[in-house]
Amino acid sequence: MWAGAAKYTNDRDQCVSSPAIPEKRSGGVVADEGAEAKLKLEGQLRPHRSTRLVRGQSAPLDSHSHYLADVSVPPASHPCPDPPSLLVERPSAMDFYHRSALILDALDAKKGSVKGLCMSEATKSRKPGEGARFLKVVVEVLKYRPHIQHLLTATKLLAQEPTLFVPPSSTAAAASAIKSGVAASASKALKQPKKYQKQAPTPLNLASVMVHDLMFAKRGLTLPKEHKVRKKLEKYKPALDKENEREKRRRKVATNEGLQIALPEKVASSLSSIGKGKKREHDADRFAEEAGAGLEAVGEIRWMRVNTLRWSVEQAVEWFEKGGWEMFEDVEEMLAAAQAKPKVFALDAHIEPLLALPASVSLPTMSAYQDGRLLAQDKASCMPAWVLLAPVLADAEEALANGLDTEGEEKKRGKGLRVLDATAAPGNKTTMAAALVAGDPINGKVTACERDQGRFKVLKDMLKRADAKNVQPMNVDFLSLKPDDPKLKNVSHLLVDPSCSGSGIPSRLDHLVPSAPEEEQLSRIRALSNFQIAILSHALRFSGAKRVVYSTCSIWEQEDEGVVMRVLGKKEFREMGWRLAPRDEVLPTWERRGRVEACGGDKDIADSLVRCLPEDGTNGFFVACFVKDEDAEPIPAPPIVAQSIETAEAVEVSAEDDETDAPALVNGKKGGKQAKKAKSTVSQAARIAKEEVVGKAPEPKPAAAKETGASEKKGDKKLSKKQLYLLKKEELKRKKAAADE
Ligand SMILES: C[S@@+](CC[C@H](N)C(=O)[O-])C[C@H]1O[C@@H](n2cnc3c(N)ncnc32)[C@H](O)[C@@H]1O
């Protein structure tokens, strides 16, 4: 292990907050004051040195003390350079409501998907089952949200109780803004003080979560009976009930469920099993984690990867057959047979360690899933590691078969291969790559980079679960690694699966959140594609790199073929010998390939690429494989595609988008190292994206020069209305063509 790795893997880990406080649950949310008292008795809680709301900002417990618990401040000498969540030490009874409302705020600000944000919030405290509980509560609130907002308006609850949902340190301006009934100005007023505001949910969302529990949760509000907020809210119950009944009559529905936004049946049924009973908590967490990564069953198939670090495909087949499962060679046949017999499975035709089961299969009952011998991973998500490493595996087998097992021939069988996963969490592709290169004859290693601290923890959990001992995880920004670092010179194979829009994942529950205006979406996608180009370009610069696989779970051309064409358009990479691996090295029998039109009409380029859509039984996905041949003539510049001349734009993009995952939050609200790092990533992305057909990225101009560089500035601006119109038209044409197919 090299020194840098140790720094990143160990130091930060020690910064985890004090042990998670067990909670006494009484329903959907948490009431943990009893637990806290118990812990105090047991001496597990650090004594409260000072009572503050935020670090360095003292605020006596005032009349709002009902709202938030006090927070103990770590001693000045605390070794942690980056103290974790400001709420961590002593969550109040309101904590779960508060954090659920923060998730709703983040959703409203388009900072991620429902599942991704729930998981990301849960990783802050790492309580078992918390991700699933957030998911359940947030989805329930979202389903009722329009109705709850109606109730709040009709009963004037927010206006009459201006401080009830406002954190204690908020200014009087906030209170008066709320009184005026304008939620937007209230939340604007809450922007002060900044540090605190970072942790304060908007009153509207906090009220929505609490009114949801008061009105629609089976066990009602889970605050202690004497809690001031509970007592105040309960006074409004008769008025809320009255309005609720009136609304049911008006909408001609008999039950409260009739007031919800409907969920697709599949999503509803998978959610209904979450959090039922303590036994299922672990599974529920896993559900949320997998859902966050877009790994839940798509359509009729549940894809399961045999984790060859713990098991072999042969052992898996034997295990299934012993348990009365019938094996099929063909997935379609298996699905047909599943109508009559649920215990059926099939071997996948494209990816060796992959099995297909009926989507109805119950994972909690499957011991091989519980102990990590089988991992739930969508087929498309297995493609990148397979495409990256299948040729090495084939070479190794051939070399062994031909007796090339001597010292001098080791290279030919891939011995000691070094893989680098640039953007690794939650670790599905990392663990698959690790499994493919582990043990004889390759004995390879994987270095896994993950920039986000919370997601890094998820990555480490996944490595443990998969028993991936040949992986070196690093909590680091991949862009900060030096491609010519001598310690990384043996890295020959890279996985680049950067944050993307996640538009290929059909079950992200995003229909519960109003979609962003189109222009906003377009600019977000442009920013994402610039970021993706930066990460991919960085990977191609690694001195020992020979094969680089780029993938997204997006279906947008701008993030898929668009990125590939813009990278192939760079003279720098063509001169290094980079090109796309031909179809026969990239899942040759997979039928859906790149879009010819998006590849400037070049059929060979399109043929080298793999696309997946939900109708293929997978998530929407895209895979491209770059190979370097330094001895061959550089490939000619590819055709220029309309979108490839889109100008780069340092658009601020939201980060913890999903597990599915977007680049880190760069909206100026996120302070500290993380934000600075992220900001540098995005501006670097924007700068690199400016390199078009030739040359290096221009050095950033001094501020004054920027001001006067009018013509260049023009090019850097957002798309014109005409460009937007053309893009939209193109998109409609494509959608129509896809529908006709
Ligand atoms: C799409 S996810 C990767 C999913 C992963 N490959 C898997 O299969 O489980 C992208 C991840 O990259 C991380 N990321 C984004 N920018 C990064 C950077 N510059 N360096 C390292 N990690 C980054 C995000 O935090 C996110 O966890």
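A residue counts as near a molecule or strand if one of its heavy atoms lies within 4 Å of it. Of the 22 residues around the ligand, Lys429, Glu450, Arg455, Asp477 and Asp497 come nearest. This is a predicted model, where local features need pLDDT of at least 70, side-chain atom pairs count only at pLDDT 80 or more, and totals for chains, interfaces and linings use all residues. Residues are numbered from 1 along each chain as its sequence is written, and side-chain values use heavy atoms, with hydrogens and water left out.

**The ligand and its shell**

- The shell around the ligand has 9 nonpolar, 5 polar and 8 charged residues. Here Ala, Val, Leu, Ile, Met, Phe, Trp, Tyr, Cys and Pro count as nonpolar, Asp, Glu, Lys and Arg as charged, and the others, Gly among them, as polar.
- Helix H19 (428-437) and helix H21 (518-540) each supply at least two shell residues. Helices (H or I, at least four residues) and strands (E, at least two) are DSSP runs, numbered from the N terminus.

- The side chain of Asp497 places an N or O atom 2.7 Å from a nitrogen atom of the ligand.
- A polar backbone atom of Asn428 is 2.9 Å from a ligand oxygen atom.
- For Gly427, a backbone N or O atom lies 3.0 Å from an oxygen atom of the ligand.
- On its own, the ligand has 600 Å² of accessible area, and the protein covers 97% of that. Such areas come from the Shrake-Rupley method with a 1.4 Å probe; for residues, only the protein chains shown count as cover.

**Cys553**

- An unreviewed UniProt entry annotates Cys553 as "active site". UniProt positions follow the numbering used here, feature names are shortened, and annotations may be inferred rather than shown by experiment.
- Cys553 sits in the loop between strand E14 (547-552) and helix H22 (561-568).
- Cys553 counts as buried because its relative accessibility is 14%. Buried means under 20% relative accessible area, exposed over 50%, partly exposed in between (1.4 Å probe, protein chains only).
- Leaving out residues up to four places away in sequence, Cys553 touches Cys500, Gly502, Ser503, Gly504, Ile505, Gly620 and Phe621. Contact means heavy atoms within 4.5 Å.

**Asp348**

- Asp348 lies in the loop between strand E7 (344-347) and strand E8 (354-358).
- Asp348 has 10% relative accessibility, so Asp348 counts as buried.
- The Asp348 side chain reaches the backbone nitrogen of His350 at 3.1 Å.

Technical notes: A polar contact is a pair of N or O atoms within 3.5 Å; within protein, one must be able to donate a hydrogen and the other to accept it, and residues adjacent in sequence count only if both atoms are side-chain atoms.
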